[in-house]
Amino acid sequence: MSDHIYKKIELVGTSPNSIEEATTNAISLASKSIRDMRWFEVIETRGHIVDGKVAHWQVTLKVGFTLESDS
């Protein structure tokens with residue numbers, strides 16, 4: 001098994017529907033420009049309230065991806 005080095009970035013996904021959709025939105029868009037994403041952790045969840053109801057979700061994620069090697 002080879003050694004891997006990972007880099008972590010922070011993303012914030014949003015959705016009017018759910019925490020899961022906010023997470024998926026962030027990972028889906030990031031995957032268009034970041035290769036080799038391997039894992040994520042949810043570090044913060046926030047919501048926006050309008051007229052006493054949840055109107056929007058925000059989820060902050062840390063995402064780890066493998067750094068490429070020249071060898």
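**Notebook: salt bridges, sheet and core**

**Entry 1. Charged pairs.** I began with Asp36 and Arg38, whose side chains meet in a salt bridge at 3.7 Å, N to O. The model I am reading is predicted. Asp36 is partly exposed, with a relative accessible area of 32%. I then asked how many salt bridges a search of the whole structure finds. The search returns three.

Another of them joins the side chains of Arg35 and Glu68, at 2.6 Å from N to O. I looked up where the two residues lie: Arg35 is in the loop between H1 and S2, and Glu68 is in the segment after S3, so this pair ties together parts that are 33 residues apart in sequence. Are Arg35 and Glu68 buried or exposed? Arg35 is exposed, at 56% relative accessible area. Glu68 is exposed as well, at 54%.

I also noted the salt bridge between Arg46 and Glu44, where the closest N and O atoms are 2.5 Å apart. Arg46 has a relative accessible area of 29% and is partly exposed. Glu44 is partly exposed too, with 38% relative accessibility. As background, side chains of opposite charge can pair when their charged atoms come close.

**Entry 2. The sheet.** I wrote down the strand order next. Three strands make an open sheet, ordered S1-S3-S2, and their pairing is antiparallel. Strand S1 (6-15) and strand S2 (37-50) stand at the edges; each has a single partner strand, so one side of each is left without a neighbour in the sheet. From one strand to the next the twist averages 15°.

I followed the pairing of S2 with S3, which is antiparallel and runs over 12 bridges. These two strands form a hairpin with two residues between them. In the turn, Asp51 has a positive phi of about 50°. I checked two positions along the pairing. The bridge partner of Gly47 in S3 is Trp57. Glu44, already listed for its salt bridge with Arg46, stands opposite Thr60 in S3.

Entry 3. I stayed with Thr60, which is placed in strand S3 (residues 53-66). Why do I list Thr60 as buried? Its relative accessible area is 3%, and the cut-off for buried is under 20%. Leaving aside neighbours within four places in sequence, I found Thr60 in contact with Glu10, Leu11, Val12, Glu41, Val42, Ile43, Glu44 and Arg46.

With neighbours within four places in sequence left aside, the contacts of Gly64 are Lys7, Lys8, Asp36, Met37, Arg38 and Trp39. Asp36 and Arg38, the pair I started with, are included in that list. I also took the separation of Gly64 and Glu41: they are 23 residues apart in sequence, and their C-alpha atoms are 8.8 Å apart in space.

**Entry 4. The helix.** I asked which strands helix H1 (residues 19-30) lies across. The helix lies across S1, S2 and S3, and runs at about 130° to S1. I picked Thr23, which is placed in H1. Thr23 counts as buried, at 10% relative accessibility. Not counting residues up to four places away in sequence, Thr23 touches Phe40, Val42, Val59 and Leu61. Gly13 is 10 residues from Thr23 along the chain, and the C-alpha atoms of the two are separated by 5.6 Å.

**Entry 5. The nonpolar core.** In soluble globular proteins, nonpolar side chains tend to be buried together. I looked up which residues make the largest nonpolar core here. It has nine: Ile9, Leu11, Ala22, Ala26, Ala30, Val59, Leu61, Val63 and Phe65. S1, H1 and S3 each supply at least two residues of this core. The largest share, four residues, comes from S3.

I took Ile9 as one of the core members. Apart from residues up to four places away in sequence, Ile9 touches Ile34, Leu61, Lys62, Val63 and Phe65. Val59 and Leu61 from the core list are also among the residues touched by Thr23.

Conventions
Residues numbered from 1 in each chain as written. Predicted model: local features only at pLDDT ≥ 70, side-chain atom pairs only at ≥ 80, totals over all residues. Heavy atoms only, no water. Buried < 20%, exposed > 50% of the residue type's maximum accessible area, 1.4 Å probe, protein only. Contact = heavy atoms within 4.5 Å. Pairing = 2+ DSSP bridges. Axes fitted to C-alpha atoms, helices over the stretch in contact; angles between N-to-C directions. Core = buried A, V, L, I, M, F, W, Y, C linked by side-chain atoms within 4.5 Å. Salt bridge = Lys/Arg side-chain N within 4 Å of Asp/Glu carboxyl O.
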